[in-house]
Amino acid sequence: MFKNIRDDFPQLQQKVRSSKFIYLDSAATTLIPKSVAKRIYDYQIGEVSNIHRGAHYFSNLGTQNYEDVRSNWAKWLDAKAEEVIFTKGTTEGFNLIASGLEDFDFGERNEFICSPMDHHSSLVPLQRLAQKRKFTIKFVELNSVGEIDQGSYQKLLSKKTALVSLPWVSNSLGTTQPIQQMFTEAKKMGALCLLDGAQALSLFRPDVQKLGCDFLCFSGHKVWGPFGVGVLYGRQDLLEQLPPYQSGGSMIEDVSFQSSNYLKAPHKFEAGTPNISGVLGLGAALAFMETLDFEHVRAHEKKLTELLVSKLEAIGGFEIYSRSDTCYNLCSFNLQDVHASDLGQLLDQMGCAVRTGHHCTQVLMKTLKINGTIRASMSVYNNEDDIEGLFESLKKAKDLLI
Ligand SMILES: Cc1ncc(COP(=O)(O)O)c(C=O)c1O
């Protein structure tokens, strides 16, 4: 356990329906530490100003602070500041890429490789792109513990592969994929590599150079930051080839009567007034992340996940989908033929916050031939008491439902 870390997250001290509040829904959104809330508050009450092109003190200060957050995230990712674009989140990042690739020169290539566990936020924009371009999406197979079957991936990769798009960590199963190795192979075939980092950045410090990704998307609210802000990393030469996603103010160099010239990336992709307070909050989230030892984070959360799995196994009746060694912070399961949402509602009555349903991965649910799962997901502020509490509630719910 991280010493006193729960003090940083006051929401955890609340009661829900007179029970201790047990938050096990961090894969949906992580709680934010006080430092992140304070950064947003400080800006909103004492520093508000629109940024870029300002002629006064607070505008210049805001511009400096906003661009500093970009540089700090660039350092964290091992990227250049020009390669870091602020978005609304992972979903917007993938939509930006997919719309940008509508006229991209893929030569003779006409296949995308995705996985059944891709989140709708990456899969659906790529489906729309594939339909427009008349490309085919090929899906890798999963092995018995919900990891990508590397043999099936090898078979799909070919000179026809235009791009490979994968989630680093599955939000439904919790499995982690060997991205560096998979992207190395994709690169050998000349394919573009897109990485959904939404669930991974609270577990790993990414190095986009080593990972070999051309694009990486993630959301602030899954890395202890605010809602409505995220990052798209894109390789500089590729970003220069993509057209703007949205157009308007802040992305132009010169506007004439019939046409305009655009700024270079990243500003080319940040039309309009940006989410300034969100970006500053995302900067504070990074400062919080810099205090964490990610090896320790993974070990801590894995211990909790393993504890939950062993308890579920001991009481019996649960189908567990997160059995891979590569699951760190998430356990997906079902209780016999009980509908996941019925169990979720009972847990809520007892103060436990989990998520139920398809988790925006319907292709995965179709592959597993289930409607959904119950997902308990952990973060740095969870402890063994939370797992004990969930387990006691699950035992009561099982007695009531079966
Ligand atoms: C793996 C994964 N990708 C993408 C997303 C979409 O993130 P957002 O809704 O913040 O755009 C999520 C959110 O649940 C996710 O878990």
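Here are a few friendly notes on the predicted model above.

1. Starting with the overall fold, the protein chain has 13 helices and 17 strands. Its radius of gyration is 22 Å, close to the 21 Å that the globule rule gives for 402 residues, so the chain is as compact as a globular protein of that length. If you are setting up a box, the C-alpha atoms fill roughly 70 × 55 × 35 Å along the principal axes.

2. Taking contacts between residues at least 6 apart in sequence, 70% join residues at least 24 apart.

3. The largest nonpolar core is worth a look on your screen. This core holds 105 residues, and those touching the most other members are Cys193, Leu194, Leu195, Cys213, Phe215 and Tyr233. Helix H9 (residues 276-290) supplies the largest share, with 7 residues. Both domain 1 (5-24 + 293-401) and domain 2 (37-290) give at least three residues to this core. As background, nonpolar side chains tend to be buried together in soluble globular proteins.

4. Which residues is Tyr233 in contact with, leaving aside its neighbours within four places in sequence? They are Leu77, Ala79, Glu83, Val84, Val208, Phe215 and Leu216. Phe215, then, is a contact of Tyr233 and is also listed with it among the core members that touch the most others.

5. Finally, the ligand. Around it sit Gly89, Thr90, Thr91, His119, Ser121, Pro167, Asn171, Asp196, Ala198, Gln199, Ser219 and Cys360. By class, this shell has 8 polar, 3 nonpolar and 1 charged residues.

Key: Residues numbered from 1 in each chain as written. Predicted model: local features only at pLDDT ≥ 70, side-chain atom pairs only at ≥ 80, totals over all residues. Helix = DSSP H or I, 4+ residues; strand = E, 2+ residues; numbered from the N terminus. Rg over C-alpha atoms; globule rule 2.2 N^0.38 Å. Contact = placed C-beta atoms within 7 Å. Core = buried A, V, L, I, M, F, W, Y, C linked by C-beta atoms within 7 Å. Buried ≥ 20, exposed ≤ 12 C-beta atoms within 10 Å, placed from the backbone. Domains from an automatic or database assignment. Near = placed C-beta within 6 Å. Nonpolar A, V, L, I, M, F, W, Y, C, P; charged D, E, K, R; others polar.
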